[in-house]
Amino acid sequence: MERNLKNVLVISFGFLLLFTAYGGLQSLQSSLNSEEGLGVASLSVLYAALILSSMFLPPILIKKLGCKWTIAGSMCCYIAFSLGNFYASWYTLIPTSVILGLGGAPLWSAKCTYLTIAGNSYAEKAGKNGKDIINQYFGVFFLIFQSAGIWGNLISSLIFSQASNKAEISEENLACCGAYDCMSDTTNTTGSAEPSSSLIYTLLGIYTASGVLAVLLIVMFLDQIKSDQAETEKEILETPSFWSTFLATFKHLKDKRQCLLIPLTMYSGFEQGFLSGDYTKTYVTCALGIHYVGYVMICFSAVNSLCSLLFGKISQFTGRKLLFALDFKKIPDDDDDDDD
């Protein structure tokens, strides 16, 4: 097998194993750790740390450690979050959320850098267009990676479906789920009955093992960047000083195209936050039970993967602007219904 393609597959399956664990655990945070909003708070802290990390850490770590060891080290940050969930409290989840957030940006940056260098290296040897090879490598990566949401959520649903404390929800309690969850405290007596500690520990054990396997896969099978490739890598990641890195982030705001993308990016973040935080807790766990969270998120992940492929093809004919506009959706509220 061509060596660069082997490395692409190693990274792809490493991310698959890692995000099989993290994706499933993220969907369950607001349901498993609902007391005083701990689960939602941990996700908020996580992404706040990710924002800060993306401004400083990636070029520094990749330059010092190289892509391979940056990926391996950042994956360990995700494992720390899984371990923090074994004894979920403000003193364990919040610090491990910060650790994960700090490791998230270097992980993705190192992955992108590695695939870009590998693609350019092979294209130069084969006499092909570098962009075409890079696109192929990223296509292979996302083809494998996007299925993580399916496997992680399938594992959680299969395990929690073994619970013996499932409760039948009454029509009265059902009316308190969803948008009206804040009006009642009765949700704890509905289908959201918490699974036993043994099932939770079993799930967390599987997720942690999946993360450990991801790290071992990278450490054992991912090749180091060769000396000639390393020089290219240093050129890509050259950062004269800390302040240069800091200011470079804000220099992008001079480009109006970048500014116009900010609202769309924020909207996407709010939407994902609602999906993994509020929707899974109040619309799924409350009404159906925690063992259905995985099945619902599997549907989301599967459609997300298919649409990634579909809209990638459609963009060739429509352009990106139309697809950006299509992404904004209006959700009717009660006032709209009253006016009808």
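In this predicted model, the end C-alpha atoms of residues 69-88 lie 29 Å apart, and the span is 80% helix and 0% strand; helices here are DSSP runs of H or I with at least four residues, strands are runs of E with at least two, and both are numbered from the N terminus. Residues 137-160 have end C-alpha atoms 36 Å apart, with 92% helix and 0% strand.

Helix 3 covers residues 90-126. Its 37 residues reach 54 Å from first to last C-alpha, close to the expected 54 Å, a span defined as 1.5 Å times one less than the number of residues. At glycine 103, shortly before proline 106, helix 3 has a kink of about 25°, the angle between axes fitted to the seven residues ending there and the seven starting there. Just after helix 3, glycine 127 takes a positive phi of about 70°.

The largest nonpolar core has 56 residues. Such a core joins buried Ala, Val, Leu, Ile, Met, Phe, Trp, Tyr and Cys residues through side-chain atoms within 4.5 Å, buried meaning under 20% relative accessible area with a 1.4 Å probe, protein chains only. Helix 1 supplies its largest share, twelve residues. Met75 and Leu107 are among the residues with the most contacts inside the core. Methionine 75 touches residues including Phe15, Leu107 and Ile218, not counting residues up to four places away in sequence; contact means heavy atoms within 4.5 Å.

Residues are numbered from 1 along each chain as its sequence is written, and side-chain values use heavy atoms, leaving out hydrogens and water. Local features need pLDDT of at least 70 and side-chain atom pairs count only at pLDDT 80 or more, while totals for chains, interfaces and linings use all residues.

How values were computed
Buried means under 20% relative accessible area, exposed over 50%, partly exposed in between (1.4 Å probe, protein chains only).
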